[in-house]
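Here's a quick briefing to read with the model open beside you.

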Amino acid sequence: MGMARLFSGTNLRVLLAALCLSSGSFLLLSTWSRQASHGYYQRRLNGFQASFSTSGGNMPAEDNLAPYEATDEERSGVNRKGFLLDTPFCNIPDINPFDPAILWRLGKCKEMRCPTQNPSVTYSEGSYIRINWTKIKNTLDDDFKYCQYHAIRRGDRNSDFAFELGDISEPFNKDILVPPQDEFMRVHCYSRSDGRISTNFHATVTPKPEVEERARLRFAKHKENNQPKETFNVHMIGVDSVSRLNFIRQMRQTRKFLLDDLGAFEMSGYNKVADNTFVNIVPMMMGKFVSEIGWNETMNTQPFDNYPFFWKNFSQAGYRTMYAEDAPKIAIFVYAKEGFHDPPGDYYNRPLALALEKQRSIWSPNHHCVADRLETTMVLDYVTDFSRVFKDKPYFGFTFITRLTHDSASLVGSADFAYVKFLRRFKEEGHFNNTVLILYSDHGYRFGDMRDSYVGKVEERLPFFYIVFPRSFREKYPDIVKNLNINSKRLTTPFDVYETLKDILYFDGVARKGSLSDRGISLLREVPAERTCEHAQILPHWCLCLEQKRLDPSGSVARKLGGAVVSHINKLLSPASHLCARLRLINITDVVEMASNDRVLRFADVFHDVINHTIVYGKKTEAPVIYQVTLMTTPGNALFEATLSVNRVSGSFKMGGDISRINAYSDQSLCVDNFKLKKFCYCLQN
């Protein structure tokens with residue numbers, strides 16, 4: 001079959017469907033294939049939308065693919081004014097997520113349906129393991145005898161890298177109340193005729209007497225000392241690598257439910273402050289950059305137990321705490337790190353996650369399903385059970401879900417179904433009556449062709465962020481609600497989330513204005529319209545509040561910038577020059593000149609707040625010019641993105657923040673252990 005035939009029309013759609021069914025790899029096409037199929041996609045006025053089901057394992061027929069039905073508003077753009085944020089000192093362009101020029105790059109999977117050959121004979125509900133009699137009757141023809149379980153516990157070493165199995169339980173053939181020490185378990189079920197018929201894993205939530213007594217005493221002290229006007233439960237649920245734009249285009253059900261049914265506040269200008277998950281979560285939970293907490297890459301064998309995560313403040317105030325993640329090999333504080341020696345929460349699902357990872361036979365081929373349940377759903381069910389058990393008691397939950405969305409921008413469409421089901425059930429059970437939900441991502445997609453484009457750069461820097469308060473909150477605190485609405489169109493960061501958690505824990509019901517002198521500003525306080533990236537301490541490398549102009553990548557300015565970047569990288573590599581090759585510049589693919597807009601440079605003063613509101617502009621202030629450079633080096637064909645500031649007077653260069661590696665380096669840097677050098681190093685032994 002010729003390449004043009006392979007990538008044309010129907011064949012391309014079937015190929016994308018196959019990718020969606022298998023590993024869920026990022027559905028971006030090569031430059032050649034984009035050209036080959038461009039005519040086909042141009043005929044699809046709504047843009048390409050590869051929607052298909054993942055039930056079963058066969059290639060889906062073309063009938064299972066549906067076009068993306070964008071609305072008139074979606075096609076025309078969300079904000080006709082042209083700016084997502086339009087404040088005196090920060091203009092961020094409003095990119096239409098449904099632009100056909102973007103959509104044809106992407107696919108979207110329908111709901112992921114897990115294999116059914118290993119049916120769940122048991123299921124968890126709060127503190128109970130229940131027998132699924134409906135499934136036994138409909139699937140097993142009532143051929144069921146009993147089940148037994150092994151408890152899964154944290155290992156003797158009290159490490160994030162070990163677990164142990166307890167003794168086998170007594171047989172049971174009816175619902176059982178799980179004792180606190182057996183909160184996680186592997187369950188085997190047996191039939192009367194054919195031995196073992198089912199293996200499954202469960203997380204349960206049973207109140208722990210020592211936690212309850214501690215929480216009771218601490219909460220009484222918190223109320224006496226701090227006198228909060230109201231007490232809200234809090235759930236923070238992070239979804240890895242989903243930009244604001246991709247959330248809008250791929251998780252439409254979830255977004256609609258958040259906005260229409262839950263009255264969520266959507267923080268459109270939520271800007272990441274660093275590169276990956278870890279360095280964005282630390283500001284959110286500690287209010288500091290990683291470089292400010294005393295941690296560095298040489299400390300990867302030291303646990304994070306003694307760091308001041310804000311969930312400890314909730315624990316000290318008498319809240320029960322939960323910490324849950326999936327994908328244990330790449331968990332936030334474990335990947336190339338030591339993790340925790342003491343569980344970070346009263347309820348911590350890591351032993352279960354480790355046990356699941358070891359039981360390979362229970363996973364689907366794409367490693368998203370555990371028996372007949374989606375792994376993402378299992379984690380969200382744990383969140384729900386935690387809320388059920390402690391519905392009328394104060395609690396704080398920190399959950400971060402990675403696997404389904406981390407490696408594929410298109411599988412975000414499958415995640416949509418899991419999250420909207422979770423939110424609907426959470427609402428139906430009344431948990432939102434006294435719970436604040438923060439649903440967010442750490443950053444957008446960080447790899448692949450799209451990231452090389454301007455749209456990709458915007459998506460990476462603007463993850464989605466929603467915050468939901470109880471319905472009664474709007475009636476009781478209209479001035480705070482006004483602040484939240486204002487802040488939805490202001491520049492915000494993870495530092496603001498940290499301050500928001502403070503205001504929720506010590507809630508006094510008073511609406512305030514934030515100060516430009518504060519790096520972090522609670523979302524319950526009005527973020528000043530004059531806020532800039534400098535105020536928020538967003539480095540130029542990540543800041544989108546800039547006017548941008550593309551330069552000729554082959555011009556003299558580009559060559560000077562490229563040379564400066566490669567020279568800087570080689571300087572960083574010099575301590576490992578016996579292991580890593582000296583890099584050389586191959587070509588420069590993109591150069592963007594970024595300068596502060598004219599209103600920033602000419603602003604002088606402002607008079608009056610409403611009537612006769614006047615902004616006075618004066619003489620233009622000189623400011624450094626910022627350049628963002630994307631280039632390729634050899635050996636290894638590494639793609640780097642760097643930001644440099646240039647002094648117009650002296651012509652000197654200064655690096656602005658870290659240099660990002662924007663294509664995968666795989667095993668190119670196995671010869672070095674230094675975390676910072678891995679993205680730069682091409683091992684000489686290669």
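A residue is called buried if its relative accessible area is under 20%, exposed if that value is over 50%, and partly exposed in between, using a 1.4 Å probe and counting protein chains only. Keep in mind that this is a predicted model, where local features need pLDDT of at least 70, side-chain atom pairs count only at pLDDT 80 or more, and totals for chains, interfaces and linings use all residues. Residues are numbered from 1 along each chain as its sequence is written, and side-chain values use heavy atoms, with hydrogens and water left out.

**The whole chain**

- The protein chain has 686 residues, and 57% of them count as buried.
- Its secondary structure comes to 23 helices and 30 strands; these are DSSP runs numbered from the N terminus (helices are H or I with at least four residues, strands are E with at least two).
- A contact means heavy atoms within 4.5 Å. Looking at contacts in the protein chain with a separation of 6 or more, 73% are between residues 24 or more positions apart.

- Four strands make an open sheet in the order 8-7-10-11, with antiparallel pairing. Strands count as a pair if DSSP finds at least two bridges between them.
- Strand 8 (163–168) and strand 11 (196–203) are the edge strands, each pairing on one side only.
- From one strand to the next, the twist averages 25°; axes here are lines fitted to C-alpha atoms (for helices, over the stretch in contact), and angles run from 0 to 180 degrees between N-to-C directions.
- Strand 10 (residues 184–190) and strand 11 run antiparallel and are joined by seven bridges. Phe184, for one, has Ala203 in strand 11 as its bridge partner.

**A hairpin with two faces**

- Strand 5 and strand 6 form a hairpin with two residues between them, and Gly126 in the turn has a positive phi of about 65°.
- Four bridges hold the antiparallel strand 5 and strand 6 (residues 128–131) together, and Thr122 has Ile131 in strand 6 as its bridge partner.
- Which residues of strand 5 are on the covered face, and which on the uncovered one? Thr122 and Ser124 are on the covered face, while Tyr123 and Glu125 are on the uncovered face.
- In a regular strand, side chains alternate between the two faces of the sheet.
- Glu125 is partly exposed, with a relative accessible area of 32%. Glu125 also forms a salt bridge with Arg130, their closest N and O atoms being 2.7 Å apart. Arg130 itself is buried, at 19%.

**More salt bridges**

- A salt bridge here is a side-chain nitrogen of Lys or Arg within 4 Å of a carboxyl oxygen of Asp or Glu. By this rule the count comes to 36.
- In one of them, Lys421 meets Glu111, with the closest N and O atoms 2.5 Å apart. Lys421 sits in helix 15 (residues 412–428) and Glu111 in the loop between strand 4 (108–109) and strand 5 (122–125), so the pair ties together parts that are 310 residues apart in sequence.
- Lys421 is partly exposed at 46% relative accessible area, whereas Glu111 is buried at 17%.
- Arg388 and Asp385 also meet in a salt bridge (2.8 Å, N to O). Both lie in helix 13 (residues 375–389), three residues apart, which is about one turn of the helix.
- Is Asp385 buried or exposed? Asp385 is buried, with a relative accessible area of 1%, while Arg388 is partly exposed at 26%.

**Lys427 in helix 15**

- Lys427 also has its place in helix 15 and is partly exposed, at 38% relative accessibility.
- Leaving out residues up to four places away in sequence, Lys427 touches Phe257, Asp261, Leu262 and Phe432.
- Lys427 and Leu262 are 165 residues apart in sequence, but 8.2 Å apart in space, C-alpha to C-alpha.
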